[in-house]
Amino acid sequence: AAAPPAAAPPADMNGGIMDLLGFDSPAPAPTPAPAPVANPSPSLSLNSSATMSGEEYQTKWAAIPDAEATVSAVPVNILPTSTDQVEQALQVNCIMTMASGELPGEFKFFLYAYDESGQAFLIQSNIQKSGEPLLILTIKSDGNNPVLIEQLVEMVRVSLN
């Protein structure tokens, strides 16, 4: 018995030779690129009635790895003479004080803020009493959004200058 004849290759427009890789086929019409979607940067809006207990602050701070903290140095126009000067200036912009204190060579601050979506920002900060007027901020956030953290740093800068 003879083997059945092999199936004929499918016909195409290139004289019977099929180009499986598409090298000889006409170039496809260009597909227009999709229009870019406007993705505006988030804007930080802090909650003016935010509160946090000391226990909640410590729990949140410990839960966020130190590797996720952002450290910034904020120049200030003049060195403060008390913690109240810094606290009052920041509270105007809804950055609240958990605790603060005066050590022999520096002022220390434990600050927090919540944005309107409920994201917490925790700040541990210090400024030397003499020398360069520079407030050092260590910021942790449960949302860890670098854009919002940068906006928070800018708020601190504007508040203190």
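In this predicted model, the buried residues of α3 pack against β1, α2 (83-91), β4 and β5. The buried set in α3 comprises Leu148, Ile149, Leu152, Val153, Val156 and Ser159. Viewed down the axis of α3, these residues fall within an arc of 145°, so they line one face of the helix.

The N-terminal end of α3 is capped by asparagine 145. A side-chain oxygen of asparagine 145 lies 2.9 Å from the backbone nitrogen of valine 147.

Charge pairing was examined next. Side chains of opposite charge can pair when their charged atoms come close. The structure holds four salt bridges, among them the pair of lysine 60 and aspartate 142. The closest N and O atoms of this pair are 3.6 Å apart. Lysine 60 belongs to helix α1 (residues 54-63), and aspartate 142 to the loop between β5 (134-141) and α3 (146-159), so the bridge ties together parts that are 82 residues apart in sequence. Lysine 60 is partly exposed, at 23% relative accessibility. Aspartate 142 is also partly exposed, at 43%.

Another of the salt bridges joins aspartate 66 to lysine 140. Their closest N and O atoms are 2.7 Å apart. Aspartate 66 sits in the loop between α1 and β1 (70-75), whereas lysine 140 sits in strand β5, so this pair links parts that are 74 residues apart in sequence. The two partners fall into opposite accessibility classes. Aspartate 66 is exposed, with a relative accessible area of 61%. Lysine 140 has a relative accessible area of 2% and is buried, because the cut-off for buried is under 20%.

Not counting residues up to four places away in sequence, lysine 140 touches Trp61, Ile64, Pro65, Asp66, Ala69, Ala120, Phe121 and Leu122. The C-alpha atoms of lysine 140 and leucine 122 are separated by 5.2 Å. These two residues are 18 residues apart along the chain. The side chain of lysine 140 has polar partners as well. It reaches the backbone oxygen of isoleucine 64 at 2.8 Å. With the side chain of aspartate 66, the lysine 140 side chain makes a polar contact at 2.7 Å.

A further salt bridge is formed by the side chains of glutamate 102 and lysine 129, with an N to O distance of 2.5 Å. Glutamate 102 lies in strand β2 (residues 96-102) and lysine 129 in the loop between β4 (120-128) and β5, so the parts tied together are 27 residues apart in sequence. Glutamate 102 is exposed, at a relative accessible area of 53%. Lysine 129 is partly exposed, at 27% relative accessibility.

Methods. Residues numbered from 1 in each chain as written. Predicted model: local features only at pLDDT ≥ 70, side-chain atom pairs only at ≥ 80, totals over all residues. Heavy atoms only, no water. Helix = DSSP H or I, 4+ residues; strand = E, 2+ residues; numbered from the N terminus. Buried < 20%, exposed > 50% of the residue type's maximum accessible area, 1.4 Å probe, protein only. Arc of directions from axis to C-beta. Contact = heavy atoms within 4.5 Å. Polar contact = N/O pair within 3.5 Å; in protein donor to acceptor, adjacent residues only side chain to side chain.
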